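Hello,

Here is the structure I promised to pass on to you. Have a look through it first, and then read my notes below.

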Amino acid sequence: MTNEEVLNSTLESLTGRFKEIDDIALFNQRKVLNAFIKNRVSPRHFASTTGYGYDDIGRDTLNKLFADIMCAEDAIVTPMLVSGTHAIAMGLYGLLRPGDKFITLTGEPYDTLSAVFYGKDNGSLEDYGITAKVFPLKDGKIDVERVIDYLKSNEVKLLYVQRSRGYELRAPIMISDLKDALAKIKRHTNAIVYVDNCYGEFTDYSEPLEVGANIIAGSLIKNAGGGIAPTGGYICGGKALIERIEQRLTVPSIGREEGSYASDYRMFYQGLFLAPHVTAQALKCAALFSGAFRSLGYETLPEMHEKQGDIVCSIVFGDKDKLIDFCQTIQTCSPIDGYVTPEPWDMPGYTSQVIMAAGAFVQGSSIELSADAPIREPFVAFLQGGLTFEHAKIALLECLNSVNK
Ligand SMILES: *Cc1c(COP(=O)(O)O)cnc(C)c1O
């Protein structure tokens, strides 16, 4: 088969899956649109503010929109959160107190959160006497039996779930699986269920708060920013919990009352409106790359036709040079910095060297077509994003031409 034929036959075999993705996008688009209308969003909400930012209507309405869309009582959505890591960590600092214990249901956290959990003398949770116990997944699913067993004899303040795969070679936690697991686990505990929702937003018909989670946090430089939000993070959940967390956004006594933004909020609103569609483009991109590389004999995730719970595609190269070549090829197909050659480097917050192809309009944005990989066995590339599916097709052909000469 020529590479063009690989592309076309993969496209053909994905017709059914693409229909499912379109249906999810339609459902979520309606949900987002309804929230905009209900909250009476108008041009005045885009206006910039300065100084303390009291009564910043753009900021406060954005909170309400996210709360409605994520089925939460309340939300914090702000450019003051620099990334997903910051949002996730802030939520944990807001909810946990010295002496509290929490457990992860999905193995080790994402690389950048490792220092937040365990760092030594860096202000980590552990520094404050807050300790985590890690329950690895069992056959790719939450190990419900083991967790329940532990909860029977241990006081736990919070259960931590990471929906997407991070740099693990595993499938994401599907909403349906999360629902089943939480239904069983919550009979044995009153612990707060906290979900790292990065890469999971709008990939399914419901979000974690609808199936038993109490708090979710994520990045606006991924799905929920729609490729348009210039920066930021969000946290959504129960009102009492959000009110604890907001004390850590600024300081106790100020919480969310202050915080101005001298640029304007339009791009946060516009990005959120586009997010269901853009996420669907990214889901198709991941399915396409996965299917095409699979047909060349590579091990990939998601499986062909499989439902997706995040926007990521993992491709196992088993070879350092091939991996680097793949990431570099993605970079050559980028609208921004397409002439640049990325190299592995010691990125802050990551344990191995990492190579990142990110030729994005929003720096480092991974809802835009991007690929990254820790330089370690078995040399897996994590491809994600794609603002337009056409871009994904173009990039796939280039990658096929480079690995399958
Ligand atoms: C990207 C990611 C994060 C961190 O988000 P940043 O915006 O990069 O800080 C956390 N968890 C998961 C699963 C992620 O994919």
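About 850 Å³ of space lies in the largest pocket of this model, which is a predicted one. Its lining is made up of 36 residues, and those closest to the centre are Tyr-110, Lys-222, Met-347, Tyr-350 and Gly-364. Helix H4 supplies the largest share of this lining, three residues. By type, the lining of the largest pocket splits into 17 nonpolar, 15 polar and four charged residues.

Now to the ligand: the space it takes is this largest pocket. Among the residues around the ligand are Ser-83, Gly-84, Tyr-110, Asp-196 and Lys-222. H4 (residues 84-95) also gives the largest share of this shell, three residues, and the shell as a whole counts four nonpolar, six polar and two charged residues.

- Asp-196 has a side-chain N or O atom 2.6 Å from a nitrogen atom of the ligand.
- Gly-84 places a backbone N or O atom 2.7 Å from a ligand oxygen atom.
- Lys-222 has a side-chain N or O atom 2.9 Å from an oxygen atom of the ligand.

On its own the ligand has 380 Å² of accessible area, and the protein covers 91% of that.

The second largest pocket holds about 260 Å³ of space. Of its 13 lining residues, Asp-60, Asn-63, Lys-64, Asp-74 and Arg-256 are the closest to the centre. Helix H3 (57-69) gives the most to this lining, with five residues. Which types of residue make up the lining of the second largest pocket? Ten are charged, two are nonpolar and one is polar.

Enjoy exploring!

Notes:
Residues are numbered from 1 along each chain as its sequence is written. This is a predicted model: local features need pLDDT of at least 70, side-chain atom pairs count only at pLDDT 80 or more; totals for chains, interfaces and linings use all residues. Side-chain values use heavy atoms; hydrogens and water are left out. A residue is near a molecule or strand if one of its heavy atoms lies within 4 Å of it. A polar contact is a pair of N or O atoms within 3.5 Å; within protein, one must be able to donate a hydrogen and the other to accept it, and residues adjacent in sequence count only if both atoms are side-chain atoms. Accessible areas come from the Shrake-Rupley method with a 1.4 Å probe; for residues, only the protein chains shown count as cover. On a 1 Å grid over the protein atoms alone, a cavity is a set of points where a 1.4 Å probe fits but cannot get out, and a pocket is an open set with protein on both sides within 12 Å along at least five of seven lines; lining residues have an atom within 4 Å of a point. A molecule sits in a cavity or pocket if more than half of its atoms lie within 2 Å of its grid points. Helices (H or I, at least four residues) and strands (E, at least two) are DSSP runs, numbered from the N terminus. Ala, Val, Leu, Ile, Met, Phe, Trp, Tyr, Cys and Pro count as nonpolar, Asp, Glu, Lys and Arg as charged, and the others, Gly among them, as polar. Grid points are joined across faces, edges and corners, and a volume is the space filled by probe spheres set on the points.
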